[in-house]
Amino acid sequence: MLIVLLLCTNAWAGGVLEQRVAAGKRLTLDRKMGNCLACHAIDNGPFSGNTAPPLFSMKSRFPDKKKLVAQISNPLANNRDTIMPPFGLHGILTEDQIHKIVEYLYTL
Amino acid sequence: MCLRIFSATFICCFLSCAVWADPASDQTAFKNYFYNKFPEIPVGDFINGVYAIDQKRRQQWLEIEEFPPYGIAIDEGEILFNETVFSDGSSYSDCFVDGKRSKKNYPYFDVNRNTVVTLELAINDCRVSHGEQPLKYKTGDIAKISAYLALHSRGEIIEVEVSGEAAINAYEQGKKYYYSKRGQLNFACVDCHVASSGMRIRAEILSPSLGHVSNFPVYRFKWGSIGTLHRRFSGCNSQVRAKPLAGQSEQYKNLEYFLSYMSNGLKFNGPSTRR
């Protein structure tokens, strides 16, 4: 009984994560939201810019998820001359939206 | 690559931090940055923006320029400039001593008025001083007159003078605007048009600021019409989600003054066509 319950919980959690990754992908690509392709190459996405580094192997480059969230939320904290918009600090994206984007970036 | 980023950062920092610098040394540093970044571009070709960088786009642009979409605007501008009779019986020629070759005289700093006078401001000043209503600043008739006058200053050298305390102050204000981050997306003009110039935002190449002012007014396919330099400034502001300013606001005039001074020595080549 307990095993069945655990399996169900895992499956449910997996489903939720999948949904968050899908939502994160939409937010990453949406021109009115993350619009990350404007500057970053991502997974062969069309018409990507090249003013910023390509996004790949994100899990190994940012093993601490919090650091990736912080980089998107306020990149100025790490580099005051960066041209990357402070997505959280300036309210371009909500904290939950940034977390969803990070879930998607972790799949790259 | 690292060295390039380092040198770009260094020069940006140098330009933005160099409050002790005078306009002449700012200009030298500004130009040298672009000369070093784009050694393959002949100096005089910076007036062509991204078409100096990308040969494929240049070819398309040259083909468009054979039958330029701003042609009608020039014809209409010619009629407006030469045939408009103000209610007091005077005309534009009473305000512009060089007539249709007047574009080359702008912008300049007017000490008596303590402000930068651009071509478009002078057009409206002329109208108002002769009892007419001013034109809208960013598009329409003013851009058409500007296009006609630009055509007849093609090949003239941009020679903006910045001397005297008040003029230097206006220049410094323009410079400050250029280097200040603004808008929800937090971009400064310098971010895209110096440090990232020649690189791509989506599929668009970011144009170098050197030569930016030479080709205005422009017909933009995005607009589907001709517009002034201040219309373009507004577009940049909107894109970074900052509030666009009014045409001929002090900030835009000072920005035009700063950018024009940075391009001194290059040739006017307006009107032109841009994507």
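What follows is a short chat about a predicted model with a chain A and a chain B.

Colleague: Before we start, what should I know about how this model is handled?
Modeller: This is a predicted model, in which local features need pLDDT of at least 70 and side-chain atom pairs count only at pLDDT 80 or more, while totals for chains, interfaces and linings use all residues. Residues are numbered from 1 along each chain as its sequence is written, chains are lettered from A and ligands numbered from 1 in the order in which they are written, and side-chain values use heavy atoms, with hydrogens and water left out.

Colleague: Okay, where is B:Ser196 found?
Modeller: B:Ser196 sits in the loop between helix H8 (189-195) and strand S3 (200-201) of chain B, where helices (H or I, at least four residues) and strands (E, at least two) are DSSP runs numbered from the N terminus.

Colleague: And is B:Ser196 buried or exposed?
Modeller: B:Ser196 is buried, at a relative accessible area of 5%; buried means under 20% relative accessible area, exposed over 50%, and partly exposed in between, using a 1.4 Å probe and protein chains only.

Colleague: Which residues is B:Ser196 in contact with?
Modeller: Leaving aside neighbours within four places in sequence, B:Ser196 is in contact (heavy atoms within 4.5 Å) with A:Thr51, A:Ile83, B:Lys37, B:Asp191 and B:Leu206. A polar atom of the B:Ser196 side chain also lies 3.2 Å from the backbone oxygen of B:Asp191.

Colleague: Switching to the two chains, how much area do chain A and chain B bury between them?
Modeller: Together they bury about 1,600 Å², with 51% of it on carbon and sulfur atoms; buried area is the accessible area (1.4 Å probe) that two parts lose on being put together, summed over both. The side of chain A that touches chain B has 11 nonpolar, 8 polar and 4 charged residues, where Ala, Val, Leu, Ile, Met, Phe, Trp, Tyr, Cys and Pro count as nonpolar, Asp, Glu, Lys and Arg as charged, and the others, Gly among them, as polar.

Colleague: How many residues does the contact take from each chain?
Modeller: It takes 23 residues from chain A and 16 residues from chain B.

Colleague: How many salt bridges are there between chain A and chain B?
Modeller: The count between chain A and chain B is 0, taking a salt bridge as a side-chain nitrogen of Lys or Arg within 4 Å of a carboxyl oxygen of Asp or Glu. Over all chains, the count by this rule comes to 15 salt bridges.

Colleague: What does B:Lys175 form a salt bridge with?
Modeller: Its partner is B:Asp26, and the closest N and O atoms are 3.0 Å apart. B:Lys175 lies in helix H7 (residues 165-179) of chain B and B:Asp26 in helix H2 (residues 23-37) of chain B, so the pair ties together parts that are 149 residues apart in sequence. B:Lys175 is buried, at 6% relative accessible area, and B:Asp26 is buried too, at 3%.

Colleague: What about the pair A:Asp81 and A:Arg80?
Modeller: Their side chains meet in a salt bridge at 3.8 Å, N to O; A:Asp81 counts as partly exposed, at 42% relative accessibility, while A:Arg80 is exposed, at 65%.

Colleague: Last one, why is helix H4 of chain A said to be largely enclosed?
Modeller: Helix H4 (residues 95-105) of chain A has 8 of its 11 residues buried, so it is largely enclosed by the rest of the structure. Among the buried residues of this helix are A:Gln97, A:Lys100 and A:Tyr104.

Terms used:
A polar contact is a pair of N or O atoms within 3.5 Å; within protein, one must be able to donate a hydrogen and the other to accept it, and residues adjacent in sequence count only if both atoms are side-chain atoms.
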